[in-house]
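Hi,

Here is the model I promised to send over. Have a look at it first, and then read on for my notes.

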There are 4 protein chains.
Amino acid sequence: MIIVLKPNTSKEEIAKLSDKIKERGLKPVAFDGVERTVIHVLGDVKDDAVDLANSQACVENVVRILKPFKLASKEHQAQKTVVKVGDVSIGNGDFVVIAGPCSVESEEQIMEAANMLKRLGIKIMRASAFKPRTSPYDFQGLGIKGLKLLNKVKEKTGMLVETEVMDVRDVAIAAEYVDVLRVGARNMQNYDLLKELGKINKPVILKRGMSATINEFIMAAEYILVHGNKNVIFCERGIRTFETAYRNTLDLGAVAILKNLSHLPVIVDPSHAAGNRDLVLPLCRAAAAVGADGLLVEAHPNPEKALSDGAQSLKPEQLAKLMEELRPLCEAIGRKLA
Amino acid sequence: MIIVLKPNTSKEEIAKLSDKIKERGLKPVAFDGVERTVIHVLGDVKDDAVDLANSQACVENVVRILKPFKLASKEHQAQKTVVKVGDVSIGNGDFVVIAGPCSVESEEQIMEAANMLKRLGIKIMRASAFKPRTSPYDFQGLGIKGLKLLNKVKEKTGMLVETEVMDVRDVAIAAEYVDVLRVGARNMQNYDLLKELGKINKPVILKRGMSATINEFIMAAEYILVHGNKNVIFCERGIRTFETAYRNTLDLGAVAILKNLSHLPVIVDPSHAAGNRDLVLPLCRAAAAVGADGLLVEAHPNPEKALSDGAQSLKPEQLAKLMEELRPLCEAIGRKLA
Amino acid sequence: MIIVLKPNTSKEEIAKLSDKIKERGLKPVAFDGVERTVIHVLGDVKDDAVDLANSQACVENVVRILKPFKLASKEHQAQKTVVKVGDVSIGNGDFVVIAGPCSVESEEQIMEAANMLKRLGIKIMRASAFKPRTSPYDFQGLGIKGLKLLNKVKEKTGMLVETEVMDVRDVAIAAEYVDVLRVGARNMQNYDLLKELGKINKPVILKRGMSATINEFIMAAEYILVHGNKNVIFCERGIRTFETAYRNTLDLGAVAILKNLSHLPVIVDPSHAAGNRDLVLPLCRAAAAVGADGLLVEAHPNPEKALSDGAQSLKPEQLAKLMEELRPLCEAIGRKLA
Amino acid sequence: MIIVLKPNTSKEEIAKLSDKIKERGLKPVAFDGVERTVIHVLGDVKDDAVDLANSQACVENVVRILKPFKLASKEHQAQKTVVKVGDVSIGNGDFVVIAGPCSVESEEQIMEAANMLKRLGIKIMRASAFKPRTSPYDFQGLGIKGLKLLNKVKEKTGMLVETEVMDVRDVAIAAEYVDVLRVGARNMQNYDLLKELGKINKPVILKRGMSATINEFIMAAEYILVHGNKNVIFCERGIRTFETAYRNTLDLGAVAILKNLSHLPVIVDPSHAAGNRDLVLPLCRAAAAVGADGLLVEAHPNPEKALSDGAQSLKPEQLAKLMEELRPLCEAIGRKLA
């Protein structure tokens, strides 16, 4: 951390600040520039210490030198994390497509969806039993009943299943019934939920909050890691910007940065960013080309009858076309489509 | 709802779509423009129906005519909601200052804070027992112990107390110990939490999510209202934009719009928007002038020693100056400073 | 400037970089931290030098210590700039209302507007002769003819007049006919225009670009100052964010920051931020309370017939109400309404 | 256009509004919903008419049905526009790489750059003679001298050349010396410049403004088209968002939407979005995969010595790697790398 002091800060103020830094077990080294004095702070600087520095009246500016995350960083672990979901590996260089309907609507619908995916060689099905809805008047998901349906489909078809969890009280039961748990964008900074997910041993797909910086995104993963669960997969799903021609702006630059900074796998959800199925295919191709480890994409056996997110769900023939387009593309970039 | 169809939509498609609309208990009326056919949908249109329309391949665009919220709207209740906290009224035309430290740090600190507030005539103290922190390595709050300290201060000083609640499992106990519960920006769309808060009878301050639209903000209040708690107070606290000269962009236009659309009171938290105590005073004045019902402002007996948010906490003399500046200002705009 | 080097940067690389810094007439001083080496660069650091540092493969991060602007800064000039427009002073502590229609439509309309303003004691009229329109199919303004009409009104009524200039080729003639020139938001970084405005001696209102940071805003003023014109007035007019309930998010925090960083006056245009006349009054009050030096507000003798921006133009009775509300408010904050 | 009226709008008000609509040569048709009256407006609705509707006190909301652009739309011209630059075609299905240094620095540098490109089979060189710089203290480009150097390189090497034009007074001379003119992001809504570019017959690359919506972007192209120049190429270059890990957020969804709405070619500039050369390669691949017609990418024979934008300029070996990666990728998506 570097602390830039205001012009004309007195020696007494500098001494007082230095003492406070030392109290935190850190080492201050002052450097006199021409127009400003700068204090270098050596040691394991946490956000608390940054806050402390920012709180002082004599401080103009505080600059972190090191990133605030540790366990998620490449400096902590050079080797890439490979998350295993059944016999599927995410993060090993393969390109993994996870697809399925927005929500579990009925046994018939979810079974039909599983069969659609199976025919295309897709091994992990997404489908939400619990639904975060902007309106309290909308379909809120089937809840526990939905979890059980997912489990039934899993047993009947061998399909691996993935679902969202929103309430800390549902983590344990969801972990029992499904193979992968998902943290939705709205809950990326629901720290109590992240802590609970840190205590289970199922893989967690962590979606980026709609207005989360990449730094905050990694810090959210850090919460899960620090509580004991190493199987975290980042999922870029679009950020909120001024543009209204689609729902959110898919941030593929973030994928490249996450791959640079962290050893954790990164997948992309183009469906929620697009909000419209016609945009989904080009964005899926772009996600593969930018270097993502896979996709989380909405597809429905009959989107025009979907209880939620129908507009952005791929139709069966579109999902088939996606897989067809991805094959040569993955080959061109040296990845295996899994 | 108005559904704009793509050019060249066939009569069969229109008939099919009309049938689906009718199945939802709504009434479709087609209108042929020159270049597009438009379907008016009459009845109680919910988001589900908007989703349905958006899901159809023949649909170009869907426009809601009516707002998606009901209970929070002025059309539902013309008369302004006045939320009572002890003997303080929020929403009755008075301008109410709620102030205090970011977090409960110790009995001594919180008692000192309460006394500082009391001397200035401030009747409600804010202070967080549970802290949502970006980093898992930072001070996470005193938890239940903090709630008990707040309660102790309340008993000793008569100060009303307000605190944040993050975990659904803490709602009941927090409601027991404090007078007002707060939903933080990161949890504005934590629907399970909102539902729990709908079941208690303590006032709730609902902070706007950093990237929540005004519509989404009102819908979050609707969740609490629809589950039975009518005592909701909106709190504008800044939105995330590209500007980095301060922490968030305080959106005072939102205050004016909330007052137009809803009967619920609206207060403003300038501290989190500013991120820097020097900006807080001007923003407090602006909040009063724009028509807010009060403030939620961070102040600490000794900000340079605060365990969190010290940089944006007012010093005792700044808080005194704030109250002094607000007095003539409130008078000029016809409000009583409470 | 502080240059943070990547871990494991070799001594040779550091030496090479130091040489490059010296070639620019600057002085590098290396500082070895535990995990990173940091180079302090002393001297008059320009953006070019920041670019240079950023371009080096061994550099992880570059931090500016000093602000990039000079002439506009308080460090350069402690005393506030007071811009004189006829007998009106902007920046001397008075609160100055500049009002008028979006555009010059006809002699009759502009004369009627001038009379409306005069009756309310407003001394400077805004009205655009040249119109930047998103669509090439819309009314593009009366051009030179509009300038002449403004001049005629000025002569007949004594009203001071303000207008926008967009094309470098129109600067000279506009400066001849009107009292204040305005740079619109879309042209804030039209550097050739800024340079031309630096060469005249009429006051310039510089509007903030819709997505300009405060730093960029000040740098745009710096362009005008450095070319010789000291009479620059900042105008905050809302920034582009994700919110769609109004047109742009009025950033009153920026007003407070500009007043902290610069000696130039700052006014606020709430009309373009609001996009809707019902929001304008509360935002005007907030602008006064936050500490702005004045307003630039759209008002039309008959907004429902305006050729542009009618929706956000105040009606005559609203403008009257605004002046009435501002009077006690200005008094409460210790400013004279001019 | 659909005009939603406020509840309780009187018949007289509706009649008055209908008359105003008719005066514009449009046809109003009222439709009575249960809670709101809606007026459909038939005919060639321009922004002026939308403004008019928005200006009326009885109007709650106005919704455009048709897009505001015409000449740029696929409905106006179904067949894709192919822009010819010498013997290179942009928009015919090939993937065209335009590369080169940020600015023309010297004859030696620009000649070296041209040779670097030539060796890799790149036929169009970008390089700016006029530089829009945030700071007036930075290198402002070589100006006319730079244009002449570009022309010299063109004659000596056969390389086609592309450069930015900022000042209306420079359009004619730039069109004389170079093959393609570029409108920078900061000038996307400099309408006088767009009009001048509409009068020449050289291809124009129009870069998206940092905070321009896709609609506004297309409207800017419309300005050039309507003034007579049909050779417009869109260039997506990143939008301004809250994220600070890179410079701007590359919006590849916009590419897909532009291809849906318009017949004009679309290329992508990943360099300015990235601000950092390490991000450029993945973003280039993603741009190809999403369906762009080409790239505008910064590359410098020696980025560490560049006078501007060195940090984001590819090194010669990186540019070579880019071409190598693009070859199989273009093949996989059925495009020829040109």
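How many bridges join strand β8 (residues 124–126) of chain B to strand β9 (residues 160–164) of chain B? Three, and the two strands run parallel. In β9(B), R126(B) has E162(B) as its bridge partner. For the terms: strands (E, at least two residues) and helices (H or I, at least four) are DSSP runs numbered from the N terminus, and two strands pair if DSSP finds at least two bridges between them.

Before going further, some housekeeping. This is a predicted model, so I kept to its thresholds: local features need pLDDT of at least 70, side-chain atom pairs count only at pLDDT 80 or more, and totals for chains, interfaces and linings use all residues. Residues are numbered from 1 along each chain as its sequence is written, chains are lettered from A and ligands numbered from 1 in the order in which they are written, and side-chain values use heavy atoms, with hydrogens and water left out. The scores are ipTM 0.94 and pTM 0.94. Chain A has a mean pLDDT (the predictor's confidence in each residue, from 0 to 100) of 94, with 100% of its residues at 70 or more.

Now the fold. In chain B, eight strands form a closed barrel with parallel pairing, in the order β7-β8-β9-β10-β11-β12-β13-β14. From one strand to the next, the twist averages 25°. Helix α4(B) lies across β8 and β9 of chain B and runs at about 165° to β9(B). Helix α6 (residues 191–198) of chain B packs on the sheet too, touching β10 (180–183) and β11 of chain B, and its direction makes about 165° with that of β10(B). Contact here means heavy atoms within 4.5 Å; axes are lines fitted to C-alpha atoms, for helices over the stretch in contact, and angles run from 0 to 180 degrees between N-to-C directions.

On to the charges. Over all chains there are 116 salt bridges, each being a side-chain nitrogen of Lys or Arg within 4 Å of a carboxyl oxygen of Asp or Glu. Three pairs that I looked at, with burial given as buried (under 20% relative accessible area), exposed (over 50%) or partly exposed (in between), using a 1.4 Å probe and protein chains only:

- E107(B) and K152(B) have their closest N and O atoms 3.1 Å apart. E107(B) sits in helix α3 (residues 107–119) of chain B and K152(B) in helix α4 (residues 144–157) of chain B, so the pair ties together parts 45 residues apart in sequence. E107(B) is partly exposed at 28%, and K152(B) is partly exposed at 36%.
- R208(B) and E236(B) come to 2.8 Å, and both are buried.
- D269(D) and K207(D) come to 2.7 Å. D269(D) is buried at 0%, and K207(D) is buried at 4%.

There is also a salt-bridge network that links D48(A), D51(A), R133(B) and D138(B).

Cheers
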